[in-house]
2 protein chains.
Amino acid sequence: MGRIYNFSAGPAVLPEEVLKEAAEEMLDYKGTGMSVMEMSHRSKAFEEIIQEAEKDLRELMNIPDNYKVLFVQGGASQQFAAVPMNLMKNKVADYIVTGQWAKKAYLEACLYGKANIIASSADKTFSYIPDCSDLPVSEDADYVYICENNTIYGTKFKTLPNTKGKPLVADVSSCILSEPVDVTKYGVMFAGAQKNIGPAGVVIVIIREDLITEDTLPGTPTMLKYKIHADNNSLYNTPPAYGIYICGKVFKWVKKMGGLEVMKKRNEEKAKILYDFLDESKLFKGTVAKEDRSLMNVPFITGSDELDAKFIKEAKAAGFENLKGHRTVGGMRASIYNAMPIDGVKALVEFMKKFEDENLSRL
Amino acid sequence: MGRIYNFSAGPAVLPEEVLKEAAEEMLDYKGTGMSVMEMSHRSKAFEEIIQEAEKDLRELMNIPDNYKVLFVQGGASQQFAAVPMNLMKNKVADYIVTGQWAKKAYLEACLYGKANIIASSADKTFSYIPDCSDLPVSEDADYVYICENNTIYGTKFKTLPNTKGKPLVADVSSCILSEPVDVTKYGVMFAGAQKNIGPAGVVIVIIREDLITEDTLPGTPTMLKYKIHADNNSLYNTPPAYGIYICGKVFKWVKKMGGLEVMKKRNEEKAKILYDFLDESKLFKGTVAKEDRSLMNVPFITGSDELDAKFIKEAKAAGFENLKGHRTVGGMRASIYNAMPIDGVKALVEFMKKFEDENLSRL
């Protein structure tokens, strides 16, 4: 069987040429006589890999010099603890809850201080982004927290919240590199790699230097201290070296494609094909407020659980993988990250049209 | 350039056939049409990978049913915090310090309670293992901690300490799978994968079920709770999936080679070649008490920093990589993990003999 169209929400499709290069270099990375998996993380070859990955990411995202880029482990879930343990000096933080991941981050912060939910879209099953232009930000809040793109629900902040001067902390796992961003608007951004960047097991943290201090909460594990990783250029202990190597290749690929402006255009084009079809379809419909639609994750339903199941099954048989919605919400979801080719989206819509023609009478 | 002999202490050499298989499956894992890197961790294909990895490891190590096997992240360094946060109910733990890693673990435990050093080999630069047959184990100790094989110094516990009934916690990063062990003698074993198992970024924790409780220290991050990972079969969040896949291949390779009895014989044979040469050499000498010598990490010196540097340089040019000792101790170190073929050790000794003949007069 050849390569299929993989609409997984994460771990997700990677650029085919990245995988080809990785396969070619598996036994002998650039004449070193070894795989990157076998390489000392203190070797010159690996130091070049991690430094070049950071340099390329800085260039792609236009990351200012007063921000550190850290490669760490433990998934975004571990950042849910690392953020309060490092940043909660006043033991107060404000959370905007737009889905399960933001809620999990909020619950974790409650272990460490007073976390407040200052806005939420739970009232409508997280199908929209609340107005965040004038929220009751706590006077002594150490930060305001968002999950910028909600992988499960398919919403995205199109405007960042007004944090009234407090540092913004954003989980950008499922939107990083999908479009240009103004890094200076954030105090901390973090992202699990397994959506738009590389394999699971790598987390990228982009953090303003003044937020990196020795003054963490008592009992903060050394491995969760931003300062430890910053002072050691992400080499305090053995990093997830092979994952970082793949991330570096993806950064090169994004650069070659033209950078984040081009990614944005491409992603808008792909999303438009799918959303336009959903808006006109008599069978399928999107589940999200139009103005808050994610470019990356597109949830949709037929309105019939039975037809949803039939669609997922037939789509799979036709080579469209991982279209099932998150286990907690059901329905369908097409994740169309950077590495999903436009042909994949076009083919999916063609398949959906055909399915609609065949099944509309059953509704 | 072809494959070289890689004596790295970790990340370290992997079996060539494992890498070949991984390269072949990079774009299409067993007809799924995707790489394991691109696979949802909730997919059937990945669940089979992780379950089979666990099954094979259980079989190899003869792990009893009342022990859980967890695949986690953050390196062994993160376990230095996870162990006390999960186990220090009385806030007392005893540490046997036989090297830098045990010392780091001890220092981390001091963040969480009263950690005691009940034995140490610091007096002789960690070149031996102290007698642990009758130590002053604390009456209320939650556990006794060792680093079983000391990667930097090249020592190994040949007899486990008498813990006087307290659970033994062992960092087995650099000796796991090198020989059969009696798992029932341990409360917790953990290992970073990047020495004898697979790529960096995966940690394996083998823990007796009664030590897994909800009752962790206040402020324990969710991702550091053993119970969370145990209850979710290591799929609480996205695991380091590709790394686990490679670990699984290494387990299959060890099984195919004949299991841990065969590994032990092979490792003893390899180590003997090197130690016998060191014992008779007029130029090179081992640095460790003979009875405590590691089968995995063999440090040696000439006695002259200049000659050490010359040796490392010439060895590298001849295709023997990563023979430099740890940056904190100098000299040389040959790490000869499971995946190092016996021919690599023989070739190294031949090269050392030649170097000795050429350079003895300089000493």
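## Nonpolar cores

The largest nonpolar core holds 128 residues, and Met26(A), Met61(A), Tyr242(A), Met26(B), Met61(B) and Tyr242(B) touch the most other members. A nonpolar core here is a set of buried Ala, Val, Leu, Ile, Met, Phe, Trp, Tyr and Cys residues joined through side-chain atoms within 4.5 Å; buried means under 20% relative accessible area (1.4 Å probe, protein chains only). Beyond its neighbours within four places in sequence, Met26(A) is in contact (heavy atoms within 4.5 Å) with Ser35(A), Met37(A), Tyr242(A), Leu19(B), Ala22(B), Ala23(B), Met26(B) and Tyr242(B). Another core lies apart, with 70 residues, among them Val169(A), Ala109(B), Leu217(B) and Leu224(B).

## Model and conventions

This is a predicted model: local features need pLDDT of at least 70, side-chain atom pairs count only at pLDDT 80 or more, and totals for chains, interfaces and linings use all residues. Residues are numbered from 1 along each chain as its sequence is written, chains are lettered from A in the order in which they are written, and side-chain values use heavy atoms, without hydrogens and water.

## Interface of chains A and B

Chain B puts 62 residues in contact with 62 residues of chain A. The buried area is about 4700 Å², and carbon and sulfur atoms give 57% of that. Buried area is the accessible area (1.4 Å probe) lost on putting two parts together, summed over both. In chain B, Leu27(B), Met37(B) and Glu38(B) lose the most area to chain A, together 14% of what that side buries.

## Salt bridges

The interface has 2 salt bridges (a side-chain nitrogen of Lys or Arg within 4 Å of a carboxyl oxygen of Asp or Glu). Arg3(A) forms a salt bridge with Glu38(B), with the closest N and O atoms 2.6 Å apart.

Key. Buried < 20%, exposed > 50% of the residue type's maximum accessible area, 1.4 Å probe, protein only.
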